[in-house]
Amino acid sequence: MINLEPPKKAAALVNQAQQAAAEVFRPISRKYDRAEHAYPSELDMFAALLDGLNTSGEGGAGAAGVRRGEDDGRSNGNRNGGNLSTVLGTIEMCWGDVALLLSMPRQGLGNAAIASVANDEQLKKFAGVWAAMAITEPGCGSDSAAITATAELDGDHYVLNGEKIFVTAGQRADAVVVWASLDRSKGRAAIKSFVVEKGTPGFEVVRLEHKLGIRASDTAVLRFENCRVPKENLLGTPEIDTKKGFAGVMQTFDNTRPLVAAMAVGVARAALEETRRILEEAGVTIDYDRPANTQHAAAAAFLQLEADYEAAYLLTLESAWMADNRKPNSLQASMAKAKAGRSVVDITLRCVELAGTLGYTEELLLEKWSRDSKILDIFEGTQQIQQLIVARRLLGKTSAELK
Ligand SMILES: Cc1cc2nc3c(=O)[nH]c(=O)nc-3n(C[C@H](O)[C@H](O)[C@H](O)COP(=O)(O)OP(=O)(O)OC[C@H]3O[C@@H](n4cnc5c(N)ncnc54)[C@H](O)[C@@H]3O)c2cc1C
């Protein structure tokens with residue numbers, strides 16, 4: 001029988017993450033939504049605690065790195081490892097506040113990239129470094145193969161040139177994982193990722209964006225001008241294998257998309273719980289033993305939203321579980337991201353509606369969650385791009401055959 005309960009060994013982590021979300025994130029959620037660009041200093045102490053958790057091997061409670069499970073020879077055919085724990089922790093934390101999770105020191109999407117593709121030496125070198133991820137450029141978003149930033153080998157260094165936009169934690173992080181091409185004439189296979197540390201000459205934070213949601217998270221424009229990066233900061237292999245395409249850097253997405261899906265699941269759950277409370281206070285009963293069409297319209301709507309939430313949640317767990325069990329999960333990661341991204345937007349907006357005028361005011365966090373949710377259906381690949389990937393995988397088409 002399929003057991004859809006989270007594994008028992010993750011219970012302590014989930015419990016801790018839930019407590020932190022309720023006691024650290026929620027109380028400061030509105031404050032930093034209003035104080036856009038102010039660093040939430042309350043996170044420092046908490047980040048130190050989380051570092052302890054990560055190094056103790058209990059798994060991350062945030063957007064920590066995820067790595068394909070290594071075979072320890074003790075497998076009984078079903079492993080619940082770091083990916084699942086990280087996803088479960090992320091859900092809890094984002095129930096508290098997704099923008100604050102994105103602002104957590106050392107829990108950046110760049111960290112997930114390092115964890116997925118770095119070699120052992122690099123893992124050691126970048127341990128404890130907070131890393132953002134810079135792919136998007138003024139002329140390149142969804143089509144990451146169109147990257148124009150370049151990295152040219154010069155002695156022991158790569159020389160980086162280009163501009164990156166919309167980089168989450170781009171100002172606050174200690175380093176940025178930058179996608180750049182080794183040779184633009186060789187197409188996507190030449191795109192590699194480089195860890196560029198803050199303070200490297202030629203690396204400049206140009207400005208910060210003002211945004212619809214996730215305002216506690218800084219979003220930066222970065223410029224690289226003849227920026228010299230040590231050769232050993234290239235993640236993965238420097239070889240340009242035109243047969244393999246850009247499988248190396250793209251592999252990162254198999255690990256980061258379940259995390260973004262988990263963020264969406266956390267925000268959706270927060271909105272559903274708040275709405276349930278409001279409906280119950282208003283005397284609306286949600287009854288699981290009666291058909292939806294025989295219930296109050298608000299209860300019927302709620303049941304439908306909950307069904308979407310459950311589907312998103314289960315797809316998210318599946319994609320992380322597959323990574324833990326070393327099964328290729330690109331399809332499931334995109335399915336989870338597509339379902340969770342769309343559902344969180346639908347759920348949070350519908351919850352604003354179900355709560356009536358109260359839902360639209362700053363008295364509750366419902367309106368904030370409806371603003372925060374949209375990005376979860378955009379970054380790490382938009383809704384349309386996830387659907388395209390799913391279609392390609394199911395139909396067995398290449399990216400050239402189905403665009
Ligand atoms: C707050 C925020 C934080 C971000 N953080 C980061 C970050 O940390 N690092 C980073 O690198 N980037 C980041 N991004 C950028 C984000 O990843 C891109 O916005 C996203 O990939 C989409 O790219 P684009 O905006 O250029 O849109 P485009 O690619 O121009 O797409 C515009 C629209 O067209 C659709 N579309 C595009 N191609 C197709 C197609 N083939 N078929 C159907 N529809 C298509 C898209 O889905 C979208 O709706 C962030 C963005 C925001 C808003």
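## The ligand and its polar contacts

A polar side-chain atom of serine 142 sits 2.7 Å from an oxygen atom of the ligand, a polar contact being a pair of N or O atoms within 3.5 Å. This is a predicted model, where local features need pLDDT of at least 70 and side-chain atom pairs count only at pLDDT 80 or more, while totals for chains, interfaces and linings use all residues. Residues are numbered from 1 along each chain as its sequence is written, and side-chain values use heavy atoms, with hydrogens and water left out.

Threonine 136 has a side-chain N or O atom 2.6 Å from a nitrogen atom of the ligand, and a polar backbone atom of phenylalanine 166 is 2.8 Å from a nitrogen atom of the ligand. On its own the ligand exposes 980 Å², of which the protein buries 64% (areas by the Shrake-Rupley method with a 1.4 Å probe).

## The shell around the ligand

In total, 19 residues surround the ligand, each with a heavy atom within 4 Å of it. The closest are Thr136, Ser142, Phe166, Thr382 and Gln384. Strand E1 (131-134), strand E3 (157-168) and helix H12 (383-395) each supply at least two residues of this shell. Helices here are DSSP runs of at least four residues, and strands of at least two.

## Two packed helices

Now to another part of the model. The axes of helix H3 (residues 82-96) and helix H8 (residues 297-324) come within 7 Å and cross at roughly 150°, with axes fitted to C-alpha atoms and angles running from 0 to 180 degrees between N-to-C directions. That makes H3 roughly antiparallel to H8, a term for angles over 145 degrees.

Notes
Angles under 35 degrees count as roughly parallel, over 145 as roughly antiparallel, 65 to 115 as roughly perpendicular and the rest as oblique. A polar contact is a pair of N or O atoms within 3.5 Å; within protein, one must be able to donate a hydrogen and the other to accept it, and residues adjacent in sequence count only if both atoms are side-chain atoms.
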